[in-house]
Amino acid sequence: MAAGWEAVIGLETHLQLRTKSKMFCGCSTAFGAPPNTQVCPVCLGLPGALPVPNGAAIRLAVRGALALGCTVHPKSIFARKNYFYPDLPKGYQISQHDQPLATNGTLSFVSPERGIVNATIVRLHVEEDAGKSIHDRFPKATAVDLNRSGVPLIEIVGGPDLRSPAEARAYLQTLKQLLEYIGISDCDMEKGSLRVDANVGGSVTQQPMLYDSRENTVRPQRSKEESHDYRYFPEPDLPPLVLTPEFVAEEQSELPELPPAKRDRFAAQYALSREHATVLTASRGVAEYYENVVRAGAEHQAAANWIMTEALADAKDHQDQLRVPAAGLAQIIALVKGGTLSHQAAKRVFAEVAAKGGDPRTIAESLGLIQVADSNVVAAWVTDVLGAHAPEVGRYKNGETKLMAFFLGQVMRASKGKADPKLAQRVLEEKLASAS
Amino acid sequence: MSVSRDDVLRIAQLAELDVEEDALPDVAEQMSRILDYVAQLSAMPAPTNGTVKTFVPGPDAIHFRPDEVAPWPLAFGPAAFAPAFKEGFFVVPKLGQFE
């Protein structure tokens, strides 16, 4: 954007809710089925078919609204949004218009430019998804798959509070993290579970722009009264959506600890830096893993270090799976702390447990990685080394104490890496002192 | 007459409908009669006690369906009633072709 201009961006986020069946009919929502095999008279828009709402979808939508701090309205109204598109068989989408499920929430995120920003959530409403049009499968024709038609969605309308693409990105990452935490959607952008449209304006012209995700283009939005008039009216086939206070309270109680609260608690309870607490609470799965490792007896900072390096690197290469069980990682950490494994050896054990499973100690033994902490055995190696390096022993005694590193290296070599380095150093110091 | 020829053209445009020039006076007159009738209804005195309730068909509030996969069966598969069907897909003209 040219100098002197400030972008004004508001995002509309569509999120597929994690339900087994569709919003208004009993068809499956499973992704990836052969085209048009999960369809029925309701989601095909056949005459006489009547919609019956899915209670679970409403519950998840309410949970999402509460997590965003929205006011959930005791009464909201379904409306028909009329437009023409080949993947919308009824010619309208059942949505909500002037009386949405929830309004007036907030999403706090860290802007790379302005620090903490409290973005407004204008509204959150329930609607059904359209089918999928595929324009490049057949020449001169569009292929339509209606399996997605009627899948439950929420639309989250953010206020015009974002000032740059980087802020839009940070907002979306925070929103996605929150929605994943509360478990209402798989938020998989590749499957289309989470889709975003942007309304972009410049504060100089105030021309509203529309981002078209179908065409991946940005164009000026035409005035509301022209082709974007959706001729909304209340859905005559559905009575008002009335929610009791008990229903809303139940969903409030279902909310887990949300990311900012968890991050603050981790920092305080486990004496972690803010940066470490942020990494460990980035996803609910990792946060639970950390707490399980700590519960299994691992020291707080050591558990954090192992997860932030080895565990997350391994997960990144394996579809985000934390492959070493929490108890196993705690055991590896204990073996290092107790001097049984060197840090390098422990990394090998970790990789082995990740790939093949099994008990860390047994694996360490089978790989010959257990450090020898038997002082008689270590003393024998030390005696051999000192005997073989008499000139160096002489120089050491004449004050060249930096040779300790050399002796230690020789002992490690003689032991093929199995000597406990701390014990070896202690024995070396004793023997070099007593030989004088 | 409360609806003008221009009103009809405007409404037709919003509804994405084509209205023949010859038909405009008739449509304007019919629409005016509808509005006049609604105006008569609006002139009826409101109830003096209690609130006016918006009419909603059926029960006062939605009843939920449990989240179970139980599709309502079709008498014929989509291929049997689609205008064109190929490799499992409905086949329709590209959008630009009938805009």
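## Basis

Residues are numbered from 1 along each chain as its sequence is written, and chains are lettered from A and ligands numbered from 1 in the order in which they are written. In this predicted model, local features need pLDDT of at least 70 and side-chain atom pairs count only at pLDDT 80 or more, while totals for chains, interfaces and linings use all residues.

## Domains of chain A

Chain A is assigned domain 1 (7-254), domain 2 (259-366) and domain 3 (375-434); such bounds come from an automatic or database domain assignment. The centres of domain 1 and domain 2 of chain A, taken over C-alpha atoms, are 37 Å apart.

Five residues of domain 1 of chain A are in contact with five residues of domain 2 of chain A, where contact requires C-beta atoms, placed from the backbone, to lie within 7 Å. On the domain 1 side, helix α2 (residues 165-181) of chain A gives the most, with four residues. Helices (H or I, at least four residues) and strands (E, at least two) are DSSP runs, numbered from the N terminus. By class, that side of domain 1 of chain A holds two nonpolar, two polar and one charged residue. Ala, Val, Leu, Ile, Met, Phe, Trp, Tyr, Cys and Pro count as nonpolar, Asp, Glu, Lys and Arg as charged, and the others, Gly among them, as polar.

## A three-stranded sheet

Chain A has an open sheet of three strands in the order β5-β4-β14, with antiparallel pairing; strands pair if DSSP finds at least two bridges between them. β5 (92-96) and β14 (233-234) of chain A are at the edges with a single partner strand each, so one side of each has no neighbour in the sheet.

Strand β4 (residues 78-82) of chain A is joined to β5(A) by five bridges. Ala79(A) has Ser95(A) in β5(A) as its bridge partner.

## Helix α6 of chain A

Helix α6 (residues 284-295) of chain A has 12 residues and should span 16 Å at 1.5 Å a residue, which agrees with the 16 Å between its end C-alpha atoms. The expected span is 1.5 Å times one less than the number of residues.

Ala287(A), Tyr289(A), Tyr290(A), Val293(A) and Val294(A) are the buried residues of α6(A). They fall within an arc of 160° seen down the axis, so they line one face of the helix; the arc is that of the directions from the helix axis to the C-beta atoms. A residue is buried if 20 or more other C-beta atoms, placed from the backbone, lie within 10 Å of its own, exposed if 12 or fewer, and partly exposed in between. The cover over these buried residues includes α4 (259-269), α5 (274-280), α7 (300-316) and α8 (326-337) of chain A. Gly297(A), with a positive phi near 110°, follows α6(A).

## Met412 of chain A

Met412(A) belongs to helix α13 (residues 404-414) of chain A. It counts as partly exposed because it has 18 C-beta neighbours inside 10 Å. Leaving out residues up to four places away in sequence, Met412(A) touches Gly417(A), Ala419(A) and Pro421(A).

Chain B contains three helices and two strands, in the pattern α-α-α-β-β along the sequence. Of its 99 residues, 7% are buried.

The contact takes 28 residues from chain B and 38 residues from chain A. On the chain B side, strand β2 (residues 89-93) gives the most, with five residues, and the classes are 20 nonpolar, two polar and six charged. Strand β9 (residues 141-145) of chain A runs antiparallel to β2(B), with four bridges joining them. Val91(B) in β2(B) is the bridge partner of Ala143(A).

Terms used. Two residues are in contact if their C-beta atoms, placed from the backbone, lie within 7 Å.
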